[in-house]
Amino acid sequence: MASTYTLISSQVLASSASSVTFSAIPATYTDLVVRASARSDFAGNDEIFVIRYNSDSAANYSFRYLQVNGSTAGSGAFSNRTTEWALYTNGNSATSNTFGNLEMYIPNYTSTSSRPYSSFGVGETNASSPAMIAVLAGLYQGTSAISSISFAPGNGTNWLSASSFYLYGISNA
Amino acid sequence: MATATYDKIATTTLGSAASSITFSSIAASWTDLRLVLVATATGAGVNVDITFNSDTATNYSQTNLYGNGTAAASANATARANVEITWSTGTSTTIPSLYEIDVFSYASATYKTLLATSSQDRNGSGDTEKTVGLWRSTAAITSIRINSAASTYATGTTATLYGIKAA
């Protein structure tokens, strides 16, 4: 039986970059998975992933999240936004050499109607200043199949060297 | 390098509304199972619940953690007849919800644990939820039923079962 979890593309940064983009994503899979290990130049502990599909800057994005910081749990939501988020990863005030981790699942990415997605991000740093963990449910209501995905830091300017992003395709055909 | 081991076992896309989706005759060929459900409902109140091997006795328990965009909360239930992975919000009639269910060591002779993620953003409502469930049975899982507590899953709802092998 052939495996259905296939690496489409990867980017491991050799130098800082303002964003990471996977483009020309083939329409040959059913679902997409993104796995990232990232740290930004933000002068703080917690960084966010700002995501766009297909360079779409219309208000086609929404999401809600559940987060904990080592002591309290909370929830928030945003509607009719021009970018999607995934939460959280490490900024540059986090413990040296620590990178946060993210996994996103995007089903039916070739659909042209509403597409849900999930993300789970963590930023543990072994520091007294607590790192963040978040589970996020997102929705993209653009009307084109997803053929590109970009990730930019929302608080900082650049992803730092050694940040890595992997895009996988899963087929149920 | 180890051989890749993420295999599609079966997939179902509903051609008409149905109150449940069942995967049966699941071989013991893998280590873990992953079920991905992308669903809409024909009416209000479709909560997604899971049973194994047609067991509807009170052999299940669960703990849920969820956030609706305003507040975070948690719930626990014991001696249930299923594991319900939509404790907070049911499936929408218009916007697809994403459910990811991982079942660990499904063919083992120990009790079985599942971990589920429910993602239901509707651009102004919905929630995100994590559920840990337990099935107190030592039998290998050979079938999984995804049931709706009310109404039915709509046409186009898709469920896919994957097998993940560790060795």
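**Strands β5 and β6 of chain B, and the A–B contact**

Biologist: How many bridges join β5(B) to β6(B), and do they run parallel or antiparallel?
Modeller: In this predicted model, β5(B) and β6(B) run antiparallel, with seven bridges joining them.

Biologist: What do the two strands form, and what's in the turn?
Modeller: They form a hairpin, with four residues between β5(B) and β6(B). B:G69 sits in the turn and has a positive phi of about 100°.

Biologist: Where is B:A77 placed?
Modeller: B:A77 is in strand β6 of chain B, residues 72–80.

Biologist: Which residue stands opposite it?
Modeller: B:Q62 stands opposite B:A77. Leaving aside neighbours within four places in sequence, B:A77 is in contact with B:Q62 and also with B:S61.

Biologist: And B:N64, how far is that from B:A77?
Modeller: Their C-alpha atoms are separated by 8.8 Å, and the two residues are 13 apart along the chain.

Biologist: Why does B:A77 count as partly exposed?
Modeller: Because B:A77 has 14 C-beta neighbours inside 10 Å. A residue is buried at 20 or more and exposed at 12 or fewer, so a count in between is partly exposed.

Biologist: Changing topic: how many residues does the contact take from chain A and chain B?
Modeller: It takes 31 residues from chain A and 34 residues from chain B.

Biologist: Which strands of chain B supply at least two residues of the side that touches chain A?
Modeller: Those strands include β1 (6–13), β3 (32–39), β5 (60–67) and β12 (158–164) of chain B. β8 (97–104), β9 (112–121) and β10 (126–135) each supply at least two as well.

Biologist: How does that side divide into nonpolar, polar and charged?
Modeller: On the side of chain B that touches chain A, twelve residues are nonpolar, 15 polar and seven charged.

Definitions and conventions:
Residues numbered from 1 in each chain as written. Chains lettered and ligands numbered in written order. Predicted model: local features only at pLDDT ≥ 70, side-chain atom pairs only at ≥ 80, totals over all residues. Contact = placed C-beta atoms within 7 Å. Nonpolar A, V, L, I, M, F, W, Y, C, P; charged D, E, K, R; others polar. Pairing = 2+ DSSP bridges.
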